[in-house]
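Here is a short tour for a first look. Have the sequence and the 3D view open as you read.

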Amino acid sequence: MIILTGNDLKTGAVVWWDGSDWVLHIENAIDVGGNAEAVMAREESARRVNVPYAVEATLTDGVARPNHIKDRIRALGPTVRPDLTLKPADPEIGNWVI
Amino acid sequence: MVDILRFRDDEAVDHAAVTVDSFVEQTNANAVRIEPSDDARDLIPHLAQIHLVEVNFPVFGDGRGYSAARILREAGYTGEIRAVGDVLVDQIGNMKRCGFDAFEPDAPLDPADVKAALNRWPEVYQESADSRTPIWNLRHE
Amino acid sequence: MYAYDKYDQAMVDARVEEFRDQAQRRLDGKLSEDQFKPLRLMNGLYLQLHAYMLRVAVPYGTLNSRQMHALADIADKYDRGYGHFTTRQNIQYNWIKLEDAGDILADLAAVEMHAIQTSGNCIRNISSDHFAGAAQDELVDPRPYAELLRQWSSFHPEFMYLPRKFKIAVIASDTDRAAMRLHDIGIQIVKNDAGELGASFYVGGGMGRTPMIAPNIREFVPLDQLITYSEACLRVYNRYGRRDNKYKARIKILVHELGAEEYTRQVEEEFAHLLGQGIEPPIAELGRIKTFFTDPEFADGAKTVDRSDPDFALWVDRNTHRHKHDSYVSAVISLKPVGGIPGDATAEQMHLMAQLARDYSFDELRVMHTQNIVLPHVRIEDLHALWTALDEAGLGTPNLDRIGDIIACPGLDYCSLANARSIPLAQKISQRFTANGKEDTLGELKLKISGCINACGHHHAGHIGILGVDKKGVENYQLLLGGSEAEDTSLAKITGPGFSEDGIVDAVETAADVYLSQREDGERFLDTYRRIGMAPFKEALYG
């Protein structure tokens, strides 16, 4: 599947495209299929997202899991600071990233 | 919005500038255009007959034109030096310090932004091609 | 240390307003990201993996307690309670909002700090010896020259769009603690036969994808021509440095392709021209700057410590450095706790270090390029009290220049350029060598880790270096041996095929064991490697 990501212009936070908005949690990312370029061009010019790009991902347990480790780290947070990730209470989350 | 910004009182040259190569061969031209890879020092023997040097910035990130302008001023050239191409408002302050006195950007500049940019710096640290006194000279006047 | 006058202050204040305006134009859509990027970078604002990252300049690594407190406050107020000290003697924050950047710069300006030119293709923060002004072996304090260069390079109108970034280091002793010859320009302040001070210029060093050791291009530039000569070096580079390929754009490639002799000839020609342009600052300016770097009021006192507490004695042996006054030492605060993140400090730790600098070090701190902090002037009789306070805060790790004192770039945990993570390796290696007790026996062993070819973790200069690469989406690590960033500068060589994350930790131990079994009396790891060469290590690693 192809999902879209970028950073929020004002806060810099990692965001994912859920079909109508840019959201923090990758669980809400949707497969944009062949529409990636069109959505990104429209959203960047509307300044709703900064430097968007398309990511190849695999649907795993109902959640898009990016194929590249870099985007999995982006989705969660630094592996060396679990307390600062989006899922600080989940002891297994490291396995999702690595 | 302004298309050409000139900080000179004289009449602007009204015909197209020629390349450095054709200028050196063609003795009657008085306007020449420098590309980033041209050597501004090739013009030094001919400065008396030049009224306009256009310095092209195909992309704003290529900073060779800043050195070109300063070299011309250091050689005593007093004619117009015009920055053309991908010239953005955040660059014109430094360009002016390097000796540019006209700007012809691909995308027109907002006059309010130009004014803010040119009035930004109360002082300057270094000597350059403008007449501003560096801070280290002010300290020891 | 240097204090701003009204001019310096007006310049940083103007910069705050300029950046506020630029950020607002970006938020308003008047600037595209492509246009905004070089502007924000020239102000140290990156877009990293998780957020904007702001790099704050610490000129030549020198700070006072008020500034360190302000850095801690910024970590608390705008970030997530910590900061990361870098190999350029700077500090960076990982979780910055673009909306806050102007306010942060204003808070910095209030304590005479800034983020000017901490990124971008311009002249970056000038680095120096972290023991400057304190070291027993220095000719003079190198920082006045670094400060003069800081002013010259700040907002230099001609050199804001160089082919690539540009890094300058200044030292003034034969012992190099600043990796001087691995800089675009390395300057050593020297004395000539007539007893006059001058600057010896090394140009064209660097790490990155094509590491090179800078050749000396001029042995003696008189101090009243220092800026003019620097300007000539930069102008030749700005005009002729390669712009067709960003990986060949550093000055080291220009010097290499032209040859040092031809580059030097061009610089000398430009220098001769510029001497007639009157661009040199008045020599009185150097005199004015020097008045800020005079010695504090040192007082005689105890010259030895009570060694009855072995933990304290170990820390004194490992983490203090000889001072020019025999009743003082420079004390290194390790930001490398076993299993910790190299270079990270919490706001509380920063506040504590600031307070300790005030209490014990004439209000001064230094950031080391090895990502530790120095209190440069500590009375020997105060050492026990200092150590006790540090130890309680987790800042008393006695591992300076040991295998646990690892330089590591942020790597793929934070950095958008990285190919692999660096920090987890540093954590595992420091834990491994503490657990197996070998850190003690290994002695001096400098280990440096970069998460990509850009070499922010100085892996080329490590006695042991590790380079993270991306192998079909999986992190892989190459091992390098034999680098040095000291006065015996050398570039490390790759041992062979790379290793997995766990494999590289084992490989480091294997290399360390080869050294332990082969070393002769008094040899460091690096000395043994230089004597026996790569072959025995290869044999043990891959044989």
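## A loop residue in chain A

Start with A:D61. A:D61 sits in the loop between β4 and β5 (63–66) of chain A. Its phi is positive, about 50°, although A:D61 is not a glycine. Most residues other than glycine have a negative phi.

Is A:D61 buried or exposed? A:D61 counts as exposed, because 6 C-beta neighbours lie inside 10 Å and the cut-off for exposed is 12 or fewer.

## Confidence in the model

Keep in mind that this is a predicted model. The scores are ipTM 0.97 and pTM 0.96. Chain C has an average pLDDT of 97. In that chain, 100% of the residues score at least 70.

C:D363 lies in a loop of chain C, between α11 (347–360) and β14 (364–367).

How many other C-beta atoms lie within 10 Å of C:D363? There are 18, so C:D363 is partly exposed. Burial would take 20 or more.

## Where chain A meets chain C

Turn to the contact between two chains. On one side are 21 residues of chain A, and on the other are 22 residues of chain C. In chain A, β4 (50–60) and α2 (69–76) each supply at least two residues of the side that touches chain C. The most comes from α2(A), which gives four residues.

What kinds of residue make up the side of chain A that touches chain C? Nine are nonpolar, eight are polar and four are charged.

## A sheet in chain C

Chain C holds an open sheet of five strands. The order is β6-β7-β8-β9-β10, and the pairing is mixed. Which strands are at the edges? They are β6 (127–128) and β10 (216–222) of chain C, and each pairs on one side only.

Look next at two neighbours in that order. Strand β8 (residues 185–191) and strand β9 (residues 197–203) of chain C pair in the antiparallel sense, over seven bridges. In one of these pairings, C:I189 has C:A199 in β9(C) as its bridge partner. A helix joins the picture here. Helix α6 (residues 226–240) of chain C packs on the sheet and touches β8, β9 and β10 of chain C. The direction of α6 makes about 10° with that of β9(C).

## Nonpolar cores

In soluble globular proteins, nonpolar side chains tend to be buried together. Here the largest nonpolar core has 198 residues. Which members touch the most others? They are C:L54, C:V170, C:M353 and C:A511.

Take C:L54 as a case. Leaving out residues up to four places away in sequence, C:L54 touches C:G44, C:L45, C:Q92, C:Y93, C:I96, C:A101, C:I104 and C:A115. Another core lies apart from the largest one. That core has 34 residues, among them B:I34, B:V53, B:V55 and B:I81.

## A buried arginine

Finish with C:R432. C:R432 belongs to helix α13 (residues 423–435) of chain C. Why does C:R432 count as buried? C:R432 is buried because 20 other C-beta atoms lie within 10 Å, and the cut-off is 20 or more.

Beyond its neighbours within four places in sequence, C:R432 is in contact with C:V505 and C:E509. C:S200 is 232 residues away from C:R432 along the chain. The C-alpha atoms of C:R432 and C:S200 are separated by 42 Å.

How values were computed: Residues numbered from 1 in each chain as written. Chains lettered and ligands numbered in written order. Predicted model: local features only at pLDDT ≥ 70, side-chain atom pairs only at ≥ 80, totals over all residues. Core = buried A, V, L, I, M, F, W, Y, C linked by C-beta atoms within 7 Å. Contact = placed C-beta atoms within 7 Å. Nonpolar A, V, L, I, M, F, W, Y, C, P; charged D, E, K, R; others polar. pLDDT = per-residue confidence, 0-100. Pairing = 2+ DSSP bridges. Axes fitted to C-alpha atoms, helices over the stretch in contact; angles between N-to-C directions.
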